[in-house]
Amino acid sequence: MARTSNADLLKKYRQHISKSKRWRREEGYDDTWRRLIDMYRGRHYEFATDEDRLLVNVAFATVNVISPSVSVNYPKIAVNARKPEDSPRAIVTEAVVNYWWKHYKVKPEFRRAVKDFLVCGHAWLKVGYRYVEEDDIPTEDDASTVSDDNPITPTIIVREDRPFVERVSPFDVFVDPDATSEQDMRWIAQRIRRPLKEIKADKRYNRTARENCSPSSTSKFVDEPDRKKTWDESHQYADVWEFYDLKTGQMCVFTEGGDQFLIKPLKMPYAFGHPFVMIRNYDVPDYFYPIGDLEAIEPLQRELNETRTQMMNHRKRFSRKYLFRESAFDSDGRSALESDYDNVMVPVASDENINNVVAPFPAVVTPPEFYNQSNMIQADVEQISGVTEYQRGGLPEIRRTATEAAIMQDAANARAADKLATIEGVIAAVAERLVALAQQFMTGEQVARVVGRDGEPMWVTFDSDFITGQFDFEVEAGSTAPVNESFRRQMALQMVDAMAPFASAGIVNTQRLAAHVLQFGFGVKNPEEFLQQAPSPMGPGGGMPPNVAAPGPVEPPVGVAGGPMPGPGDMVAPPGASPDMLSGIDPSILASLSSRMGIGLENMQ
């Protein structure tokens, strides 16, 4: 079969992008995303008017309740080796990838993507590798020392040699219109809007193609945009396309209107394929693009705005008016009648009956049910979005017991837990790609800062060999969610209560238990500073303490030749324990613990 020319490939790829644009335009995806973004930022009305209109931005509140609950903290990424020989490298890799997430500022990009995920229904992250080097320019002091015996050799400084993660706008990523998921799409492309001067100066591109590059757009805020002669080159932009053909495993780069490739088709540089990771919200069967939280509540948001606007207009129209006989009042009487002061005497010049002189004008009162519409709409929003009043930080008007509140909170957290699991899965996928890129492209040695056991900083020097291997990446459950300090302390204290019977029996290391409670329950980094060392059972000279009799003959340990073997359900006592060390515990407690733990604690007595 004849090889396809570059001109035919360029034409084919542009046709793919044109079909994807038409597909998104006909399905209304771009318009929907813009409308939802405007809804989030408070632009709910499409045209201006002189009438007063209210806006209750429930969409903004809903997104900003969900977003911190899934992406407020740095994740705790766990790395596990797939092979036994990679276990030491997994420890270094885990420290490195967690350090990269903080040091390379992945969190801000990820939080921006989470906002796209909630508003538009999906988000895109791009994981790549950045290598930047430049020549070290000699200074005047260095030039003064130049001689034939001491020449200056040019040096190269590596400014950046690391993987990166960046958020990509949903409007700039185009996919195969026939795809229903990421698994069956045949190509993916990214549109990058770059200044024309940068494109022509980028030496990575083909020289002829970048010199013939023409602008496709201009700055939004350039002076006199209708007059093309006034366009400054710094205001000119061109759309650059990165096209990834997933069927052939090739990638290329070209401009919107150029007739040549900036980078000719070549094999994808990354071992894992294309560099894009998609965060999907609510999947729709047989449709590629999912829906977000705002798309489901958009009609209710607009109805709430309309209802509140009507309520405001009705309040403005409700003003008390009176009918009066004009001939019955002179100028002083009318002034007193129209006065806003209280207890004012109104003189009446006529001899007619007072009841026939002034009468209130009948006003149309708005039905009380009209004002309940707002509460009904907000209740519908909570039911659809799953964000309850508890999650918003408010207290309901109806008083509930702690058990009822806990049940409602657990039901509300189910949907948040689903989003949290999605976010954690994406974090693990991004971390895996960061390590894969470093294994493939990193040169030289680098340093990562890690936290020691007692919270002190430590620095680890590593290169690509230190992180080479096959690993599984997992995110510690709930590590990106906000920490509930009161709940964590309550759990620590409950642990102390549960271990109290064992501590009194002497089968629990109270030092370790206290250190665990201080460290994980109350956030103390160095719990050992608060604890005293247990007294040594030996005397000052290494012998037995005073007034203690010498031990008798030692019996063979359990399970050793000559010693009794444990029977079914028997629990082996710890070394050095007395036979009656559990005698002080209530038998009912021992029976309950035995049934829960599956061991015969009562047999230890």
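**Rings, charges and a helix contact**

Mentor: Start with a charge over a ring: the charged end of K102 sits over the ring of Y74, 5.3 Å from its centre. The term requires NZ of Lys or CZ of Arg within 6 Å of the ring centre and within 35 degrees of the ring normal. R53 does likewise with Y45, its charged end lying 4.0 Å from the ring centre. A word on the basis: this is a predicted model, in which local features need pLDDT of at least 70 and side-chain atom pairs count only at pLDDT 80 or more, while totals for chains, interfaces and linings use all residues. Residues are numbered from 1 along each chain as its sequence is written, and side-chain values use heavy atoms, with hydrogens and water left out.

Now ring against ring. A pair of aromatic rings is described by the distance of the centres and the angle of the planes. Rings of Phe, Tyr and Trp (its six-membered ring) pair if their centres lie within 6.5 Å; planes under 30 degrees apart are stacked, over 60 edge-to-face, and the rest tilted. The count is 21 aromatic pairs.

Take Y129 and F441. This pair is tilted, with 5.6 Å between centres and 35 degrees between planes. Y129 belongs to strand β2 (residues 122-135) and F441 to helix α13 (residues 402-441), so the pair links parts of the chain 312 residues apart. Helices (H or I, at least four residues) and strands (E, at least two) are DSSP runs, numbered from the N terminus. Y129 counts as buried, at 14% relative accessibility. F441 is partly exposed, at 28%. The cut-offs: buried is under 20% relative accessible area, exposed over 50%, partly exposed in between (1.4 Å probe, protein chains only).

W187 and F243 are stacked, 5.2 Å centre to centre and 20 degrees between the planes. W187 is in strand β5 (residues 187-195), F243 in strand β7 (residues 236-245), and 56 residues separate them. W187 is buried at 3%. F243 is buried at 0%.

Next, a cluster. Ring pairs join W23, Y29, W33, F171, F288 and Y289. W23, R24 and E27 in α1 meet Y29, D30 and W33 in α2. Contact here means heavy atoms within 4.5 Å. The contact residues divide into three nonpolar, no polar and three charged. In that scheme Ala, Val, Leu, Ile, Met, Phe, Trp, Tyr, Cys and Pro are nonpolar, Asp, Glu, Lys and Arg charged, and the others, Gly among them, polar.

The axes of α1 (residues 6-27) and α2 (residues 29-40) come within 5 Å and cross at roughly 60 degrees. That makes α1 oblique to α2. Axes are lines fitted to C-alpha atoms, for helices over the stretch in contact, with angles from 0 to 180 degrees between N-to-C directions. Under 35 degrees is roughly parallel, over 145 roughly antiparallel, 65 to 115 roughly perpendicular, and the rest oblique.

I37 also lies in α2. I37 is partly exposed, at 31%. Beyond neighbours within four places in sequence, I37 contacts V119, C120 and F171. F171 is a ring of the cluster. I37 and D116, 79 residues apart along the chain, have C-alpha atoms separated by 8.8 Å.

Last, the whole protein. It has 16 helices and 15 strands. Of its 605 residues, 34% count as buried. Among contacts between residues at least 6 apart in sequence, 67% join residues at least 24 apart.
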